[in-house]
Amino acid sequence: INGTGKYNSVRGSIVMKYSQLIGIEPISNEIPNRYKLFQNYPNPFNPKTKIKFDVPKRGFVKLLLYDILGKELKTIVNEELKPGVYEIDFDGSSLSSGAYFYKLISGDFEDTKKMIIVK
């Protein structure tokens with residue numbers, strides 16, 4: 001939200017940032033002790049699956065989708081997250097049948113898993 005205003009002859013501006021997690025939600029109050037990327041479930045799937053991951057400390061988290069050739073197709077998560085256990089409902093209805101990879105990156109942590117879409 002951006003805005004400008006005047007109060008008692010003083011001009012100023014304010015910038016407020018608001019963010020809401022969309023499609024990603026913490027599923028527990030548990031604080032994990034390490035990063036972990038779980039295998040999606042179900043796998044193979046059509047067209048929806050769940051991707052779960054653990055974040056042990058506040059930080060910037062990316063979850064990326066790649067095709068079988070290693071081409072980046074989609075950024076699923078790209079934001080700062082608090083410590084917690086998260087789960088994403090991933091909709092692959094726009095993708096063709098086949099194998100894909102999803103990769104979690106945060107700080108110096110990286111892990112990749114394979115998922116299969118069957119239509």
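Buried means under 20% relative accessible area, exposed means over 50%, and partly exposed lies in between (1.4 Å probe, protein chains only). This is a predicted model: local features need pLDDT of at least 70 and side-chain atom pairs pLDDT 80 or more, while totals for chains, interfaces and linings use all residues. Residues are numbered from 1 along each chain as its sequence is written, and side-chain values use heavy atoms, without hydrogens and water.

**Whole chain.** Show the protein chain as a cartoon. It has 10 strands and 0 helices. Both are DSSP runs, numbered from the N terminus: helices are H or I with at least four residues, strands E with at least two. Of the 119 residues, 30% count as buried.

**Lys-82.** Select Lys-82 next. It lies in the loop between β7 (72-81) and β8 (84-91). Is Lys-82 buried or exposed? Lys-82 counts as exposed, because its relative accessibility is 52%. Lys-82 touches both, leaving aside residues up to four places away in sequence; contact means heavy atoms within 4.5 Å. Then pick Lys-57. Lys-57 and Lys-82 are 25 residues apart in sequence, yet 6.4 Å apart in space, C-alpha to C-alpha.

**Ser-106.** Move to strand β9 (residues 98-106), where Ser-106 lies. Ser-106 counts as buried, because its relative accessible area is 2%. Show Tyr-35, Phe-60 and Val-61. Ser-106 touches these residues, not counting those up to four places away in sequence. What joins the side chains of Ser-106 and Tyr-35? A polar contact of 3.0 Å does. Such a contact is a pair of N or O atoms within 3.5 Å; within protein, one must be able to donate a hydrogen and the other to accept it, and residues adjacent in sequence count only if both atoms are side-chain atoms.
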